[in-house]
Amino acid sequence: MRLSAIHACRRSIPAVSDPILQVSDLCAGYGRSQVLFGLTMATPPTGAVAILGRNGAGKTTLLKTLAGEISPMSGSIRFDGQPANAMPPERRARSGIGYVPQEHAIFAKMTVRENLLLGAAGRNDRGAIDEVLDFFPKLGARLGQTAATLSGGERKMLAVSRALLGRPKLLMLDEPTEGVWIGVIEEIADRMTELASRMCVILVEQHVELALRVASYVYVMERGTIALEGPSAAVRDDPALLRFLAP
C-alpha cells in the first residue's frame, strides 16, 4: 500500500510493541535557532530503523538530542520506560544509549588498544573487548597502531567498537559509511544487520539503498519533522521518497 507524506507536526506515537525509545512532539535546536518541530517517533527493542533526509533536514540534530548533547525545547523523550529529557549524556550512556557521531569519536593519537581500554574503563570487563575484536577482526591486527593511521573504514569500526563496550540497548550511528572505501561498506552493513538482531540500531545514512536493505522501518525527515514513514519495502516504493531526498 502506498504511503502518503505526513504534513501534520503533531501525531500520536507510532504503534510499536514495547518500544525501547519513544519520542513525542520533540522540538529542539541551537540557541534560538529551532531545527526540530514536533517530531514524533518510536523504535522497537531490536531491529534497525533508518532515518533519511536531505542535508539540513535535522537528522544529526535529532541524534544529538537523543544522546543528550542538545536539550529539548519541548516535547518528551522516553528510553526503556523512563523519562530521559533531563538525563545528562553520561547517564544516558550508562542507561544503554550508545552514540557514534559522524566525526567518529575516537582518540586519534591513542592506539587501537588504548581506545578500546578507555571505552571499557570502569566496567572491568575484559571479555567485552574480546567480543568486539571478534566482531571486527581487522582491529585485532591493528591493536598497536595509533587510530590516526587507520583507514576510514577501520576508524568507523573502532568508533562502533567503543560504543559497543558500553553494552548499549540502543545504538545510534550517524553516517557510518561516510568516507569508507566501497569494499568495506558491505562489511559494515553486515555488522549493522547482525547488531540489529540483538539491539535497536538507529541508522542515519546517505546510502539510501543500503539503509533500506539494513533497516526494517524508515523515517524520512523534512525540515525538522517526519515527512514520510513506514516499513522499508513500502517506503522504497513510495514516489514521495525521491521528492524528500532530492537535492
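Strands β1 and β4 run antiparallel and are joined by five bridges. Leu21 faces Phe79 of β4 in this pairing. The model is a predicted one. Its strands include an open antiparallel sheet of four and an open sheet of six with mixed pairing.

**The four-stranded sheet**

- The strand order in this open sheet is β2-β1-β4-β5, and the pairing is antiparallel.
- The edge positions belong to β2 (33-43) and β5 (82-83); each has a single partner strand, so one side of each has no neighbour in the sheet.
- β5 runs antiparallel to strand β4, residues 74-79, and two bridges join them.
- Within that pair, Phe79 stands opposite Gln82 of β5.
- Helix α1 packs on this sheet, where it touches β1 (21-30), β2 and β4, and the direction of α1 makes about 110° with that of β1.
- Two residues lie between the strands in the hairpin of β4 and β5, and Asp80 there has a positive phi near 55°.

- Strand β3 (residues 47-52) pairs with strand β8 (residues 200-204) in the parallel sense, over five bridges.
- Gly47 has Cys200 of β8 standing opposite.
- Helix α1 (residues 59-67) packs on this sheet as well, touching β3, β6, β7 (170-174), β8 and β9 (217-222).
- The direction of α1 makes about 150° with that of β7.
- Helix α7 lies across β3, β7 and β8, and runs at about 145° to β8.

**Thr61 in helix α1**

- Thr61 belongs to helix α1.
- With a relative accessible area of 7%, which is under the 20% cut-off, Thr61 is buried.
- Leaving aside residues up to four places away in sequence, Thr61 touches Tyr30, Val35, Leu36 and Ile70.

**The largest pocket**

- The largest pocket holds about 520 Å³ of space.
- Its lining has 20 residues, and the closest to the centre of the pocket are Pro89, Glu90, Ala93, Arg94 and Ile97.
- Two or more lining residues come from each of α2 (89-95), β6 (97-100) and α6 (152-164).
- Helix α2 gives the most to this lining, with five residues.
- By type, the lining of the largest pocket has ten nonpolar, three polar and seven charged residues.

**The second largest pocket**

- The volume of the second largest pocket is about 190 Å³.
- Its lining consists of Ala128, Glu131, Val132, Asp134, Phe135, Leu164, Arg167, Pro168, Arg198 and Met199.
- Helix α4 (residues 126-135) supplies the largest share of this lining, five residues.
- Six of the lining residues of the second largest pocket are nonpolar and four are charged, with no polar ones.

**Cavities**

- Rolling a probe the size of a water molecule over the atoms shows where empty space is left.
- There are two cavities of 30 Å³ or more.
- The second largest cavity has a volume of about 40 Å³.
- Phe136, Val160, Leu173, Ile188, Arg191, Met192 and Leu195 line the second largest cavity.
- Four of these residues, the largest share, come from helix α7 (residues 182-196).
- Six residues in the lining of the second largest cavity are nonpolar, none is polar and one is charged.

Terms used: Residues are numbered from 1 along each chain as its sequence is written. This is a predicted model: local features need pLDDT of at least 70, side-chain atom pairs count only at pLDDT 80 or more; totals for chains, interfaces and linings use all residues. Side-chain values use heavy atoms; hydrogens and water are left out. On a 1 Å grid over the protein atoms alone, a cavity is a set of points where a 1.4 Å probe fits but cannot get out, and a pocket is an open set with protein on both sides within 12 Å along at least five of seven lines; lining residues have an atom within 4 Å of a point. Grid points are joined across faces, edges and corners, and a volume is the space filled by probe spheres set on the points. Ala, Val, Leu, Ile, Met, Phe, Trp, Tyr, Cys and Pro count as nonpolar, Asp, Glu, Lys and Arg as charged, and the others, Gly among them, as polar. Two strands pair if DSSP finds at least two bridges between them. Contact means heavy atoms within 4.5 Å. Axes are lines fitted to C-alpha atoms, for helices over the stretch in contact, and angles run from 0 to 180 degrees between N-to-C directions. Buried means under 20% relative accessible area, exposed over 50%, partly exposed in between (1.4 Å probe, protein chains only).
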